[in-house]
Amino acid sequence: HIAVDPAPPASAMSCEIIAALATCGTSNAWSTLDVVTKKVNKKLGRPVTPKQVDDAMVAAGEHALFRLGIWRTSFGPKFMSIVVVNPAFGKTIAGVEEGARLTCTCGVHPARPTGAPADLKAERDMKRYYGSHDYNAGRHASTASEHKGMCLLWRPPTSGHLHSWRRGYTA
């Protein structure tokens, strides 16, 4: 079984679903819940519905999912969530003590912990270049993390532009 947040106790089935989900990689990209559920079904050897997988994720809680390398974005109760599963991140963070400060483990920012201020001028220049709202000005910021998938500072790409992926539950 996995450790879950103290709020509603997870059932044995929810724990089993989350354990299977944690091993289903999504190539570090957002995937629709129905696609991820097919992978979970193969791992479990029996069918579960996307709603059951989503309910298990809600029961486990955001913190427990993060500790397993799972990110979930919900579009509301009528729509299926989208999910990123990064098993390499889950394995790396499993070896980190709860509450420890997360630092770069891939060498991109070896001495910069989460939230540390970067060079302010470089950051301002980047915002000006990537954040310009002038017609055809600047560039779009990369949606991929600069960190490797197993790094403690890796995060999934943004999901705001994926609202068109909303799909209702069918069963």
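H1 and H2 pack at an angle of about 105°, and their axes lie 9 Å apart; axes are lines fitted to C-alpha atoms, for helices over the stretch in contact, with angles from 0 to 180 degrees between N-to-C directions. H1 is therefore roughly perpendicular to H2, a label that covers 65 to 115 degrees. Glu16, Ile17, Ala20 and Leu21 of H1 meet Val36, Val40, Lys43 and Leu44 of H2, where contact means heavy atoms within 4.5 Å. By class, this contact has six nonpolar, no polar and two charged residues (Ala, Val, Leu, Ile, Met, Phe, Trp, Tyr, Cys and Pro count as nonpolar, Asp, Glu, Lys and Arg as charged, the others, Gly among them, as polar).

The model is predicted: local features need pLDDT of at least 70 and side-chain atom pairs pLDDT 80 or more, while totals for chains, interfaces and linings use all residues. Residues are numbered from 1 along each chain as its sequence is written, and side-chain values use heavy atoms, without hydrogens and water.

Helices (H or I, at least four residues) and strands (E, at least two) are DSSP runs numbered from the N terminus. H2 comprises residues 33-44. Leu33, Val36, Thr37, Val40, Asn41 and Leu44 of H2 are buried, meaning under 20% relative accessible area with a 1.4 Å probe, protein chains only. Down the axis of H2, these buried residues fall within an arc of 150°, so they line one face; the arc is taken from the directions from the helix axis to the C-beta atoms. They pack against H1 (12-21), strand S1 (31-32), helix H3 (50-60) and strand S3 (82-85). On the other side of H2, Lys38 and Lys42 are exposed (over 50%). Just after H2, glycine 45 takes a positive phi of about 80°.

Technical notes: The expected span of a helix is 1.5 Å times one less than its number of residues. Angles under 35 degrees count as roughly parallel, over 145 as roughly antiparallel, 65 to 115 as roughly perpendicular and the rest as oblique.
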